[in-house]
Amino acid sequence: MWNKDRSIILSQIIIKICYVGVAVCCFIAPRLVSIYSENIAEPNIVVPLLITLYACVPAALLALFCLDRLLKNIKKNQPFIMKNVSLLRIISYCCFWVAAVFIYFSILRPFAFTIVFAAAFFGVILRVVKNCFRQAIAIREENDYTI
């Protein structure tokens with residue numbers, strides 16, 4: 001039967017797979033970018049695309065780390081704590097960082113603007129969820145002090 005603990009474990013496994021995926025992509029990115037540039041017959045795109053991709057790696061790793069910490073807190077039955085609000089804020093900043101980095105590349109390749117939009121949209125969604133968590137914490141604390 002599917003339950004909360006299995007869902008959290010599955011999410012943690014997916015996060016670990018994403019860590020490996022980011023590491024693998026860091027190593028194979030030059031080759032993938034060169035294949036991409038050969039297929040579109042635009043060799044001057046290699047360096048800007050690599051810069052864009054490598055500039056997003058720290059944000060991706062930080063977001064994965066924060067997601068892992070968030071899941072650990074939820075697993076310990078501590079979903080509504082200020083630490084989780086901070087983790088959600090950091091993840092939203094990571095999304096905004098990716099959006100800002102891809103603005104640079106979208107000047108060269110307009111299709112990259114879809115990544116800008118998606119990353120910024122996820123950042124806004126996370127900010128809303130963060131505000132919901134903060135409000136839930138305030139309500140919980142108020143209820144804790146009510147007799």
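Hi everyone. A word on the ground rules: this is a predicted model, where local features need pLDDT of at least 70, side-chain atom pairs count only at pLDDT 80 or more, and totals for chains, interfaces and linings use all residues. Residues are numbered from 1 along each chain as its sequence is written, and side-chain values use heavy atoms, with hydrogens and water left out.

Let's start with helix H1, residues 4–39. Helices here are DSSP runs of H or I with at least four residues, numbered from the N terminus. H1 has 36 residues, yet its end C-alpha atoms are only 45 Å apart, short of the 52 Å that a straight helix would reach at 1.5 Å a residue. That expected span is 1.5 Å times one less than the number of residues. Where is the kink in H1? It lies at Ile28, shortly before the proline Pro30, and is about 55°. The bend at a residue is the angle between axes fitted to the seven residues ending there and the seven starting there.

Now compare helix H3, residues 82–108. Its 27 residues should span 39 Å at 1.5 Å a residue, and the end C-alpha atoms are 40 Å apart, which agrees. H3 does have a kink of about 30°, centred on Phe102.

While we are in H3, have a look at Ser92. Is Ser92 buried or exposed? It is buried, because its relative accessible area is 0% (buried means under 20%, exposed over 50%, partly exposed in between, with a 1.4 Å probe and protein chains only). A polar atom of the Ser92 side chain lies 2.7 Å from the backbone oxygen of Arg89.

Back to H1 and its two kinds of residue. Buried ones include Ile8, Gln12, Ile15, Val22, Ala29, Val33, Ser34 and Ser37. Ile35, at 32% relative accessibility, counts as partly exposed.

On to charges. How many salt bridges does the structure hold? There are 3, each being a side-chain nitrogen of Lys or Arg within 4 Å of a carboxyl oxygen of Asp or Glu.

Asp68 and Lys16 meet at 3.3 Å, N to O. Asp68 is in helix H2 (residues 46–75) and Lys16 in H1, so this pair ties together parts that are 52 residues apart in sequence. Asp68 also bridges to Lys72, with the closest N and O atoms 3.9 Å apart. These two sit 4 residues apart in H2, so about one helical turn separates them. Together, Lys16, Asp68 and Lys72 are linked in a network of salt bridges. Asp68 is buried at 8%, while Lys16 is partly exposed at 43% and Lys72 is partly exposed at 41%.

Finally, Arg140 and Asp144 pair up at 3.8 Å, N to O. They are 4 residues apart in helix H4 (residues 113–145), about one helical turn. Arg140 is partly exposed at 34%, and Asp144 is exposed at 54%.

Notes
A polar contact is a pair of N or O atoms within 3.5 Å; within protein, one must be able to donate a hydrogen and the other to accept it, and residues adjacent in sequence count only if both atoms are side-chain atoms.
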